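I opened my notebook to look through one chain.

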Amino acid sequence: MDNQSPLRGVRAVLLLADESAPLVLGGLTQINRLLLSIHECCITPAARNIHPLPVMVWWRSAALMAAHQSPGVGPPPGLSVLHWSGAPPPDTGALIGGGLVVLRTTLVVGRGVLGPLLQANDEARRGLPLHQTALPDPTLRTWSDWARVVDGPADQDGDHHPGPGFAAVLRGPGDVPGVERGLLRSLGKSSDGYVARTLNRAVSTRITGLLARTRITPDRVSLGVLGLALGAAWTVTLGSSIGFVAGCLLNQLASMFDGCDGELARLKFLDTRRGAWLDTSVDMVGNHLFLLGMGVGLSRQPELSQAVQDAYLWEGILATGGLALCVWLVARLTRMTSGEPHFNGFGSNLALGSGPGNRIRQVVAAVTPVFRRDVYALVFLGLALVGRPAWVLHALAFGVVAHVPAIAWFWWQHHDLTLQVSTERGRLNG
């Protein structure tokens, strides 16, 4: 592996730009999306300022290059981008020293897909305008010569590409709507619950597609979701039937729109550590306040006795405190197992590993999607609509209580496994 790219043998990239380069998908022009994809898969943080990876953008005509270059917009850090048109190309052989990747701006790939495609076999890249060569062919002198090599034989299966993740080819402006829909559908996460996969993502990705055409940032979307969550928590505290229905509806909308900030960040390469923490913090605040609000709202129902009202209030307070304790414990545990806390991936993180608890881990991994926020938010709306808001509080309290032994079990498993490793390491060293 060379010192500048995590992909073995990739020493430079030749990008063939034509009329597809300025086409906009998901708020980014094709040429910018490909440059960001190249940066994502080929540049390690440690190598950004050391020997930048050369990317040569060869425009089919001088008119295209003049019309679509963006003055003042620099390349992603770690890339050295050279634009030119005409023929022949620069002395790519001397510049590269072997290991050339050639792409066309007709190639559309989802996040994290270009790297696996470059490492995959020819079958996985079938029909995609992507070509790798150890040394440039001196007989390829014109833009069209290179384009024919990169395009290769036509894909007999049309738009089907067997490679990893989403990949498509833009044959013209008429393909943009369909390809963009596929790109948006690819923004889901493996940790999605069943409702998110079948309902929420279908709505949120359409909203994300509209947001991508604006200057709205993922952080602003997160703050909008926070507004919905606060509205849900406040509305259920009213203690009326309409309040419970409206609050659970707002909670469902917050759950549905909660995917938009992450989708927008992944779509436009705007994901940051700060944004991830903001998204997680909004989820945590919304979950805690909604649970406490349910307890307060149920305790304010005038038709109930004082004892029942007090019981609902204390149930909400204690369950909220228990939820905060579970969040803290999960943060500590996932930090030990994966290096940093992962609040949104509790089941997937705790399901990792082997040993005596492996089967229990597998069971947790299988049932976790049922108990994600996207599922229970919709169930809670149904309970409110049929006049059973108390069941919402009981379900949340039960979920908090059920998490405690699960966390304790996995904590013990991690401690036991760590102790075995330390004992074995000490025996070998001794």
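Are α7 and α9 parallel, perpendicular or oblique to each other? I found that α7 and α9 are oblique to each other. Angles under 35 degrees count as roughly parallel, over 145 as roughly antiparallel, 65 to 115 as roughly perpendicular and the rest as oblique.

Before going on, I noted that this is a predicted model, where local features need pLDDT of at least 70, side-chain atom pairs count only at pLDDT 80 or more, and totals for chains, interfaces and linings use all residues. Residues are numbered from 1 along each chain as its sequence is written, and side-chain values use heavy atoms, with hydrogens and water left out.

**Entry: the helix pair.** I looked up α7 (residues 194-211) and α9 (residues 241-267), which pack at about 50° with their axes 8 Å apart. Axes are lines fitted to C-alpha atoms, for helices over the stretch in contact, and angles run from 0 to 180 degrees between N-to-C directions. In the contact (heavy atoms within 4.5 Å), α7 brings residues including L199, V203 and I207, and α9 brings residues including M256, F257 and L264.

**Entry: the whole chain.** I read off 15 helices and nine strands. Helices (H or I, at least four residues) and strands (E, at least two) are DSSP runs, numbered from the N terminus. Of the 430 residues, 47% count as buried, meaning under 20% relative accessible area with a 1.4 Å probe, protein chains only.

**Entry: the sheet.** I traced an open sheet of five strands in the order β5-β4-β1-β6-β8, with mixed pairing. Two strands pair if DSSP finds at least two bridges between them. β5 (79-85) and β8 (130-133) stand at the edges with a single partner strand each, so one side of each has no neighbour in the sheet. Strands β1 (residues 12-17) and β6 (residues 100-104) run parallel, joined by five bridges. V13 stands opposite V101 in β6. Helix α5 (residues 143-151) packs on the sheet and touches β1, β4, β6 and β8. Helix α1 (residues 30-42) lies across β1, β4 (53-59), β5 and β6, at about 160° to β4.

**Entry: one residue.** Where does T235 sit? I placed T235 in helix α8 (residues 218-236). T235 counts as buried because its relative accessibility is 10%. Leaving aside neighbours within four places in sequence, T235 is in contact with G243, A246, G247 and L250.

Key: Buried means under 20% relative accessible area, exposed over 50%, partly exposed in between (1.4 Å probe, protein chains only).
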